[in-house]
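Trainee: Could you take me through one part of this model slowly, strand by strand? I would like to follow along with the structure open.

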Amino acid sequence: MRTKWLLIALPVLIFVVLAQSAFWVPSYASQAERDPARLTTFLRAEIGDVKRLNPILQMEAGAQNVMLNKVTETLITNDETGKLVPRLADRWEVTEEAYLAVVADRQLADGTPVTGESLLGALRRAWQSAKLGALGASIQSLELVPGETRRLSETVLVADENGNKQPVTLDLTVALPERVKFRLSKVETRLFEQLGAVVGASYFRGYPFAERFKLQKPELLAQVRDRFPDLLAVAEHNPVITFYLHPGVRWHDGAPFDAEDVKFTYEALIDPKNASPRSASFVTIRSVEVVNPLTARMTYKRLYSPAIIDWASMDIIPKHRLDVNGLAREMDARGIHGAEREKFTLRDSSYNLKPIGTGPFRFSEWVPDQYIRLVRNDDYWRRKAEYREMYFRVIPDYLTMELELQSGALDRYEAQPYQAERYRNAAGYQVVSSPGGQYAYIGYNMRRPLFQDVRVRRALGMAIDVESIIKYVLDGQGRRSTGPYFSSTPFGDKSLKPLPYDPAAAAALLAEAGWKKNRAGLLEKDGKVLQFTLVTNNGNPKRKAVMTIAQEAWRKLGIDCKIQVFEWTVFIGEFVDVGNFDAYVLGWVGGDLDPDQYQIWHSSQAHRDELNYVAYASPRADDLILRIRTEYDVDAQIELTRELHRVIAEDQPYTFLYEPLMAIVLDKRIVRVRKAADGQEELENIREPAFGSVDQSVAEWRKLRLTPRGVVQ
Amino acid sequence: MWRFVLRTVLQRLLLLLLISIISHLVIHLAPGQPSEVDPMNPMMKAVDIARIRASFHLDDPFYLQYLHWMRDLVFGDLKSFRDGLPVLPKIWDRFLNSAPLFLLTTLIVWTASFPTGIHAALRRGSLYDRSTTLVAYTLISVPGFFLSYLLILFVVRTFHLPVIGQHTFGTEHAPLIVRFMDRIWHLAIPSIMAALTGIAVLSRYVRAQMLEVIDQDYVRTARAKGLDEDHVVYGHALRNALLPFVTMFGFLLPGLISGSVIFEQIFAWPGLGLLGYEAILARDFPMILTLNFMAAALTLFGILLSDILYAVVDPRIRLE
Amino acid sequence: MTVPATPGRRAEAGVLPLDGAGVLVPAETPFRQVWRSFRKDRLAMAGLVVLAALLMLAVLGKLFTEWWVLFDPATVRLPDKLRPPFSIPSSSIGKELWPTLGLYPFGTDELGRNVFARMLQGSFVSLSVGVVAVSISLIIGITVGGVAGFYGQRKLGFVSVDTLLMRVTDVAVCFPTFFLILTVVALLPPNIYNIMIVIGITSWMGTARFVRAEFMALREQDFVTAARALGLSEGRIIFRHLMPNAMAPVLVSATIDVAHAILTESALSFLGFGVRPPFATWGNILADGRSYIFDAPWLFILPGGAILVVVLAFNLVGEGLRDAMNPKLRRRASG
């Protein structure tokens with residue numbers, strides 16, 4: 001009967017076809033034989049997809065992995081020791097311009113009334129008589145600038161009828177007084193303090209700001225009043241950074257790269273239409289001038305020492321694609337007309353999906369949630385990359401990554417500690433650990449009376465065996481964290497001892513704070529049991545482990561700690577960000593070069609949508625934070641950061657846990673190719689850099705056909 | 001008949017509208033922000049967040065948000081919160097990825113179930129029947145991802161063959177035949193895994209249907225006429241047993257969107273299920289709502305289709 | 001339950017009236033008939049035994065892990081992490097942290113917690129997720145189906161109650177269930193009750209349809225008409241006469257739904273939306289254990305196997321009940 005045989009034959013046939021396909025698939029061992037191009041293809045895994053590939057519109061690590069110094073490039077960058085080195089800019093210098101307003105109804109230190117001429121004269125005399133000491137050496141010139149009227153616009157938040165805060169742009173004019181202008185060869189943080197001897201210490205106090213401002217909407221005076229001193233500084237520092245660019249660099253589409261692109265990158269960053277999440281780092285810039293096609297000069301509104309570091313992570317974007325004309329050309333090409341044109345901004349540009357840059361790899365293709373493909377830029381202005389192609393595969397699961405690595409469909413992935421452990425001695429693989437630039441902590445909400453007592457916070461921290469967590473949960477792949485600065489940077493105080501693990505002492509501290517065990521074995525004070533909820537986000541096994549371990553450790557002390565896990569957006573949006581929590585487990589990522597801790601620790605940053613989640617408020621810390629931001633002298637700054645590190649460690653607003661090391665598992669056939677000046681090649685295994693991530697040298701990596709033996713280890 | 005179709009279609013459209021409103025309600029009453037509004041971003045100021053909220057209408061009243069969504073969906077310029085890309089082309093792309101997996105899974109289910117089910121029915125009570133029964137129940141009862149991981153692990157550990165994704169990365173320059181077979185291989189494992197439950201369920205149905213008809217008078221008559229057993233079974237019994245299966249085709253449709261979240265997640269298969277899952281994780285409201293809407297539409301269409309199919313194949317049924 | 005003294009004769013006696021196609025009054029209650037038929041189904045019986053064991057395990061689990069902590073699922077012993085089943089605690093573990101029995105019957109997890117204790121604790125949670133979810137779906141389903149079936153003809157304005165309720169059911173059916181569950185669970189505060197409720201309110205439609213059909217058929221039958229003529233209250237008619245008769249298909253589908261709910265929970269856990277700590281369920285032990293599949297396969301295989309066995313038991317019992325309650329099949333099976 002035909003039907004019968006058909007019914008049986010059909011499934012059998014399907015299975016045979018499916019099964020035989022296995023013989024065609026390249027396995028780990030046979031990948032190079034099936035396809036020699038496999039050796040020049042680099043496959044790496046990302047845990048999640050990126051949103052946009054525009055350096056000014058994204059902050060995520062994933063997008064930076066793709067773009068930063070691969071497709072696009074920065075003006076300057078950090079080398080493998082953490083030092084700033086040239087990239088697109090051959091060199092740079094940091095100088096200063098400073099202004100001192102002529103306050104007409106004051107007197108100088110010697111009693112003469114202040115006029116423009118008398119002030120300039122007094123200052124010039126002090127400078128020439130070497131009364132100013134070292135400061136005098138950095139002053140290059142002094143001159144008087146006449147007063148002028150400036151138009152400004154400021155964005156302020158105004159509550160609408162529903163109580164939601166909406167941004168409102170406010171136009172205002174300021175009548176600038178006559179001012180003395182200083183040119184300085186380097187930034188002098190204490191310039192005006194030192195000038196006090198000349199102009200009198202009270203010169204800088206009580207300036208009548210209100211009469212110099214005119215608001216377009218006077219009813220908003222209250223919202224903008226406290227910005228007046230910023231907008232019209234009586235004594236104003238204007239640091240200047242000048243970048244000298246490398247000549248002859250070209251964008252991937254052949255257009256020349258020049259200082260206009262640098263200027264445009266700044267303009268795009270602060271353009272409110274672009275809503276760049278990175279704008280906050282660049283709003284302190286007053287202007288960027290193109291001195292000549294290879295020189296860009298940036299003038300800052302005030303002292304802001306992290307400025308140069310901000311440029312080390314800011315890729316330059318092409319003006320010819322993204323400025324008004326570039327966007328207009330794009331709209332023409334895409335047939336966008338009428339009202340749509342008005343709404344079209346850089347955020348809508350196709351650049352964000354297919355960017356170009358000046359880097360060693362050209363962007364080729366992006367298939368969302370699957371992969372991004374880069375190909376080698378054969379016209380690169382520096383040493384060309386070894387790989388011809390690079391894939392960023394999106395694999396949202398570490399087990400899947402490991403399976404792909406074992407089957408040869410992946411060359412590199414960032415492994416979980418227990419996975420990395422297995423590959424450390426495995427024949428075909430190499431494991432490189434590098435500091436991940438992150439730390440994990442337990443934060444205590446200091447709005448709650450319970451956590452306002454430093455003894456309670458210390459006791460909670462002392463109950464947790466962080467060394468064991470590092471040893472067993474991280475499999476040793478972590479360093480102890482003692483405070484807000486990373487151990488890989490000079491900013492933290494390395495002599496500081498971490499909080500000891502000592503449950504007995506913790507119990508004693510709690511007893512000292514008035515918490516006594518009740519009959520049920522729980523700690524109690526004034527009839528209230530010591531209980532709180534510890535929360536964290538879902539999907540991070542390490543945090544979940546810390547949470548469980550902490551709960552268990554505190555339970556032994558007699559603390560009733562409940563634990564809860566929430567979805568990331570809920571966790572942040574409904575709990576952490578609005579201060580609606582007792583304690584939480586979280587981490588901070590990045591900023592390892594940035595000494596600035598304003599957003600996380602300054603007491604003014606404890607509101608909704610700000611980052612001082614735990615509402616830490618310490619006058620000492622506040623003062624140090626502000627001084628760090630304005631200190632340009634590296635050594636002096638490090639003194640300050642170390643003190644801040646100690647102050648925060650003393651207060652224990654967080655229990656600082658660990659800085660996890662990033663363990664990267666690589667196919668052992670991948671080596672780094674060092675090229676000597678004479679073209680001689682030397683191969684070596686991939687090694688951990690002293691600073692930053694191992695991926696910085698990826699352009700020098702090459703995959704060999706066989707696992708190398710005689711390579712420099 | 002046409003009046004019936006018209007009336008049902010109108011009714012269903014009304015239902016669809018209702019469903020879309022309810023799904024809006026569900027989503028907007030729940031906590032959580034679209035991920036674009038990312039307070040973890042240390043550089044993000046309150047001003048920036050407010051600006052982004054405004055540009056996505058997140059602070060508008062519910063009905064306005066709904067109308068915005070409806071209008072954008074109809075005119076095809078609905079954009080994802082996540083990356084600002086239009087939603088519909090994205091769904092289409094993912095649909096193209098899901099479709100082969102869905103088709104192959106369906107093909108395997110429907111071809112494998114009939115011989116197993118018929119055989120079991122014909123040997124009712126035999127060892128074969130009892131063991132397939134047990135196997136079928138086991139397959140229905142096993143968590144899909146549990147079995148899949150065991151299989152993946154076996155394949156990867158034993159043969160070092162890649163099984164994740166749509167193709168093996170790094171074979172882009174290999175000969176055409178290698179790339180083609182590679183795709184087939186990557187299709188094979190997930191669709192077999194996804195088909196297992198289907199085979200178990202459907203073969204049980206086939207068995208039950210065959211048992212139902214095999215004792216009917218016309219089958220007995222056919223046998224009495226002296227026709228050989230195969231002819232009786234495959235010619236007479238099977239043809240009548242097939243009737244109810246026709247309607248099941250209609251119910252397959254919604255499986256295209258929602259059926260495969262788990263398998264697409266395991267095999268990192270960039271299909272519609274994974275798209276929906278990612279949208280949920282990112283609180284990408286336009287995407288979630290549109291997918292939900294389409295799934296509901298497919299379900300409704302599937303029901304309609306099976307009603308019509310049934311009327312077409314079974315003359316006893318009239319559409320009124 | 002009294003065990004029949006002479007099963008053989010009882011069985012014979014049972015066959016007779018049925019073979020007489022309902023002419024004779026059955027010699028035993030319907031429950032006994034079902035049980036007698038069910039008992040012959042060896043797979044279903046095996047399932048029943050497993051379920052009974054599970055029920056005991058769940059109760060014991062609750063007892064021994066929470067009230068009288070014989071097996072502590074919470075104790076963290078980091079140096080003893082990922083130990084295989086039946087291993088003995090290492091020397092670095094203080095005596096006060098030793099597990100009961102002096103060994104880890106199912107090994108330990110990534111924090112050195114006793115997997116046996118966690119599974120024991122999880123058995124209660126997993127089972128209650130299934131049972132509570134199905135109870136919710138039954139309550140909604142029976143109410144909707146019952147009202148539509150019994151009061152269906154009444155008018156509310158221009159639509160009948162039946163039309164209204166069935167359209168509501170249609171709407172509910174059209175939601176893509178798993179996707180909906182996923183969305184809601186992801187958006188709601190993640191606690192175990194929400195998961196129970198969400199699974200419950202997305203799975204009542206089948207029950208509602210069964211009950212409605214059954215009620216509509218029964219409503220027109222003579223015994224209901226007689227009951228009405230006798231002046232019995234509606235409540236009495238519904239609960240004494242209609243409900244028991246409509247229960248058979250509901251019971252079958254409820255049993256299978258429990259299996260389904262347990263599977264749904266494990267699938268949710270796998271996607272990261274399942275029951276969150278501090279609750280341990282088999283689903284989330286399995287989902288967490290997946291990461292350690294190379295290092296500690298038992299963390300994956302034990303809970304996976306447990307889910308398989310329990311869900312299989314529910315399915316087999318459900319199918320066994322269905323067969324036993326279906327008079328047509330029963331006749332065939334015994335004939």
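**A close look at the strands of chain A**

Mentor: Gladly! Strands here are DSSP runs of E with at least two residues, helices are runs of H or I with at least four residues, and both are numbered from the N terminus. β20(A) and β21 (residues 523-525) of chain A run antiparallel and are joined by 2 bridges; two strands count as paired if DSSP finds at least two bridges between them. They belong to an open sheet of 3 strands in chain A, ordered β20-β21-β22 with antiparallel pairing. Its edge strands are β20 (516-517) and β22 (528-529), each pairing on one side only.

A word on the source: this is a predicted model, in which local features need pLDDT of at least 70, side-chain atom pairs count only at pLDDT 80 or more, and totals for chains, interfaces and linings use all residues. Residues are numbered from 1 along each chain as its sequence is written, while chains are lettered from A and ligands numbered from 1 in the order in which they are written.

Now turn to β16 (residues 412-415) of chain A, which pairs antiparallel with β26 (residues 654-667) of chain A over 4 bridges. There, A:Tyr413 stands opposite A:Val665 of β26(A). In a regular strand, side chains alternate between the two faces of the sheet. In β16(A), A:Arg412 and A:Glu414 lie on one side, A:Tyr413 and A:Ala415 on the other, and all are buried (20 or more other C-beta atoms within 10 Å of the residue's own, with C-beta atoms placed from the backbone).

How values were computed. Buried ≥ 20, exposed ≤ 12 C-beta atoms within 10 Å, placed from the backbone.
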